[in-house]
Amino acid sequence: MRLAPAGDRAVLVELGDVTAGELHAAAAKASRVPGVVRCTPGHSSLYVVFDAAPALEALEAELRAGAGERRLTAGALHRIPVRFDGADFEEFLAYARLS
């Protein structure tokens with residue numbers, strides 16, 4: 001993670017190789033820092049705007065908190081059997097203009 005000034009009230013946080021979930025979790029964490037008025041996620045970065053001079057130490061501490069926690073992984077695959085029939089199936093096909 002790298003923090004770079006972006007004007008007098010903002011910081012660009014480069015997160016490196018992160019998933020979309022990790023990116024949005026980092027954005028939620030950054031939004032909790034006192035003084036943050038906006039946090040905009042990019043491809044692998046955050047643009048964090050403060051109401052005054054950026055609190056870099058607080059921002060970095062909040063983003064690093066829980067960094068050693070287990071990452072979320074894809075959930076289990078669930079198969080749900082589905083049947084397309086019933087008393088109103090022909091009516092539905094006609095309504096949807098399907099045959």
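Is the crossing of H1 and H2 right-handed or left-handed?

Modeller: The crossing of H1 and H2 is right-handed. Keep in mind that this is a predicted model.

Start with the geometry. Two packed helices are described by the angle between their axes and the distance between the axes. Here H1 spans residues 20–31 and H2 spans residues 56–64. Their axes come within 9 Å. They cross at roughly 140 degrees. Angles over 145 degrees would count as roughly antiparallel. H1 and H2 are therefore oblique to each other.

Now the contact itself. H1 brings Ala26, Lys29 and Ala30. H2 answers with Leu59, Glu62 and Leu63. By class, that contact has four nonpolar and two charged residues, and no polar ones.

Next, the core. In soluble globular proteins, nonpolar side chains tend to be buried together. The largest nonpolar core in this model has 15 residues. Val13, Ala30, Leu46, Val48, Phe50, Leu59 and Leu63 have the most contacts inside it. Both helices supply at least two residues each, and so do strands S2 (10–14), S3 (36–41) and S4 (45–50). H1 gives the most, with four residues.

Ala30 ties the two topics together. In the helix contact, Ala30 is one of the H1 residues that meet H2. In the core, Ala30 is among the residues with the most contacts.

Move on to strand S4, where Ser45 lies. Its relative accessible area is 18%, and buried means under 20%, so Ser45 is buried. Neighbours within four places in sequence are left aside for its contacts. Ser45 is then in contact with Leu12, Val13, Glu14, Leu15, Leu23 and Thr40.

Asp8 lies in the loop between strand S1 (2–5) and S2. Its relative accessibility is 65%, and exposed means over 50%, so Asp8 counts as exposed. Asp8 touches Ala52, Ala53 and Pro54, again not counting residues up to four places away in sequence. Asp8 and Ser44 are 36 residues apart along the chain. Their C-alpha atoms are separated by 22 Å.

Definitions and conventions: Residues numbered from 1 in each chain as written. Predicted model: local features only at pLDDT ≥ 70, side-chain atom pairs only at ≥ 80, totals over all residues. Heavy atoms only, no water. Axes fitted to C-alpha atoms, helices over the stretch in contact; angles between N-to-C directions. Parallel < 35°, antiparallel > 145°, perpendicular 65-115°, else oblique. Left-handed = near helix turned anticlockwise from the far one by under 90°. Contact = heavy atoms within 4.5 Å. Nonpolar A, V, L, I, M, F, W, Y, C, P; charged D, E, K, R; others polar. Core = buried A, V, L, I, M, F, W, Y, C linked by side-chain atoms within 4.5 Å. Buried < 20%, exposed > 50% of the residue type's maximum accessible area, 1.4 Å probe, protein only.
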